[in-house]
Amino acid sequence: MSVSEVTQALIKCVNFAAEKHKDQRRKNPEKTPYINHPIGVAYILTNEANVTDLNILQAALLHDTVEDTETSFDEIEVAFGSEVRKIVEEVTDDKTLAKEVRKRLQIEHAPGSSYEAKLVKLADKLYNLRDLEISAPVGWSEQRVNEYFEWSKKVVEGLRGTNSALERSLDQIFLRRNILTVNN
């Protein structure tokens, strides 16, 4: 693919994600547009992890569309191909399951995930934890914030060995929060 074709493919994907998330807001006090999150995850991958693989970047931009919108995996495959679909499937939680089950499954599935899915997961966790350091979602107690950091550490442990730059950044956050070791 030429640089122009890659650029067009990325912009197509950003536009698709923006359309899908257009009415959504983050749960922070500022109610920032939700699309900032997937764009931020892709930015972390390119800027901090030096990821240039188009499929991974598109999956990062689309990682919450099936989970949080009326988008189907088939729709993603038609628009962006089977490789992007596969990565998005790996990082998508089944919202029909209880929250605690979804959280447990993220921990259990992390080690067996593909390299591409692990990269998206690491960048997603890094984005969310940085966001939490700035401000908690409306209605979250300090205990809930702490529990999220501790759970995230457990997920990250299963993703280790994927990207040292992202893992170092996450470790710095865990160190600031005094989350040094977590028993599974």
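Select the largest pocket, which holds about 1100 Å³ of space. A pocket here is an open set of points on a 1 Å grid over the protein atoms alone, where a 1.4 Å probe fits, with protein on both sides within 12 Å along at least five of seven lines. Its volume is the space filled by probe spheres set on the points. The model is predicted, and totals for linings use all residues, whereas local features need pLDDT of at least 70 and side-chain atom pairs pLDDT 80 or more. Residues are numbered from 1 along each chain, and side-chain values use heavy atoms, without hydrogens and water.

Next, select Lys-27, Asn-128, Trp-140, Arg-144 and Tyr-148, which lie nearest the centre of the largest pocket among its 33 lining residues (lining means an atom within 4 Å of a point). Then display helix 7 (99-109), which supplies the largest share of this lining, seven residues. Helices are DSSP runs of H or I with at least four residues.

Move on to the second largest pocket, with a volume of about 190 Å³. Closest to its centre, of 16 lining residues, are Glu-90, Thr-92, Asp-93, Gln-106 and His-109. Helix 6 (82-91) and helix 7 each give two or more residues to this lining.

Finally, select helix 1 (residues 3-20) and helix 5 (residues 73-80), which pack at about 155° with axes 11 Å apart. Axes are lines fitted to C-alpha atoms over the stretch in contact, and angles run from 0 to 180 degrees between N-to-C directions. The two helices are therefore roughly antiparallel (an angle over 145 degrees).

Technical notes: Parallel < 35°, antiparallel > 145°, perpendicular 65-115°, else oblique.
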